[in-house]
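Please read this short briefing with the sequence and the structure side by side. It covers one chain, its contact with a second chain, and one residue in detail.

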Amino acid sequence: MRWLWSRLPGPAPAKVLQMLLIVVVGLVALFFLFEWAGGLLDSGGVISG
Amino acid sequence: MGWGLVSASLLVLAFLGYQLFITDLLNDRVQAEARAELDAELAERREALPEAAVATVELPEPEPEPAKPIPTTTTVPRADFQPESAGEEGSTLGRLTIPAIEVDEVMFAGVSTETLKMGPGHMPWTPVPGQPGNAVVSGHRTTYGRPFYDLDQLEPGDRIEVETAIGEHVFEIREIFVVKPTDVWVTEEKAGAWLTLTSCHPHFSAAERLIVQAELVRGPNFAYAQLLARQGLGDEKRT
């Protein structure tokens, strides 16, 4: 986190906003990754050709 | 290296936590809401149903035997038949109960990913449970409330109860087996009225499908289904 913070451009408030954006994008990406991987565990049992 | 392993471990833990607990919580909320509205939903669907019809089953033409006189009248079996169709994708269809494994779930129309997150879903191209033919219902095995987690514990003879807008249908399990996810033949037409449950197999894998097939033994269309079964007919020969 400290490593990322030191590399973000701009003053502290701008860095906070950028950090928030990174966290939100990261969580959304994680959600889709989990949903995709969840389908490998249990797809709902549908039979399809 | 050390931080990488810790991050990977946290990611796996978060994934398992999400799949095994968070999806259950999401499903619990949807099921609770659906259960609270189930009676009203079924009453609404009941009002939109067509009148019960007396249906007939086509019998093959009797072949006259030379030694016997040709019958002058033919008795055509008749039975009450109450048709019912499913609503649009994601709408409430009824209640699925399997007493042997303590399953009590609200069932929905459709088998899209989003619908199956809410509960067991009915394949729209198959008849509604309790109707002649082979009604197919799919459900999650290990995530989203895992309604079919213990499906492999069932045995032939166990009962499955389905409540829809036209009443309660009781099915008796005849067969339990495992197939590939592409074995669509399990959804094909069957003589009489059947219910086929499908779920992933084994636990924590979508590699195969666990199939439970049950035959209607009681319900509004039982007599009609029996007539069809006697003739070897399913949904496609309804007249």
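Which residues does Asn27(B) touch, not counting residues up to four places away in sequence? They are Lys117(B), Tyr144(B) and Gly145(B), where touching means that C-beta atoms, placed from the backbone, lie within 7 Å. This is a predicted model, in which local features need pLDDT of at least 70 and side-chain atom pairs count only at pLDDT 80 or more, while totals for chains, interfaces and linings use all residues. Residues are numbered from 1 along each chain as its sequence is written, and chains are lettered from A and ligands numbered from 1 in the order in which they are written.

**Asn27(B)**
- Asn27(B) is part of helix α1 of chain B.
- Asn27(B) counts as buried because 21 other C-beta atoms lie within 10 Å; the cut-offs are 20 or more for buried, 12 or fewer for exposed, and partly exposed in between.
- Val162(B) is 135 residues from Asn27(B) along the chain, and their C-alpha atoms are separated by 20 Å.

**Chain B as a whole**
- Chain B contains three helices and ten strands, which are DSSP runs numbered from the N terminus (helices H or I, at least four residues; strands E, at least two).
- Along the sequence the pattern is α-β-β-β-β-α-β-β-β-β-β-β-α.
- Of the 239 residues in chain B, 40% are buried.

**Helix α3 of chain B**
- Helix α3 (residues 222-230) of chain B has Tyr224(B), Ala225(B), Leu227(B) and Leu228(B) as buried residues.
- Seen down the axis of α3(B), these buried residues fall within an arc of 155°, so they line one face of the helix; the arc is that of the directions from the helix axis to the C-beta atoms.
- Gly232(B), which follows α3(B), has a positive phi, near 70°.

**Contact between the chains**
- Chain B gives 26 residues to the contact and chain A gives 14 residues.
- On the side of chain B that touches chain A, the elements giving two or more residues are α1, α2 (113-118) and β9 (193-201) of chain B.
- That side of chain B has eleven nonpolar, twelve polar and three charged residues; Ala, Val, Leu, Ile, Met, Phe, Trp, Tyr, Cys and Pro count as nonpolar, Asp, Glu, Lys and Arg as charged, and the others, Gly among them, as polar.

Notes
Two residues are in contact if their C-beta atoms, placed from the backbone, lie within 7 Å.
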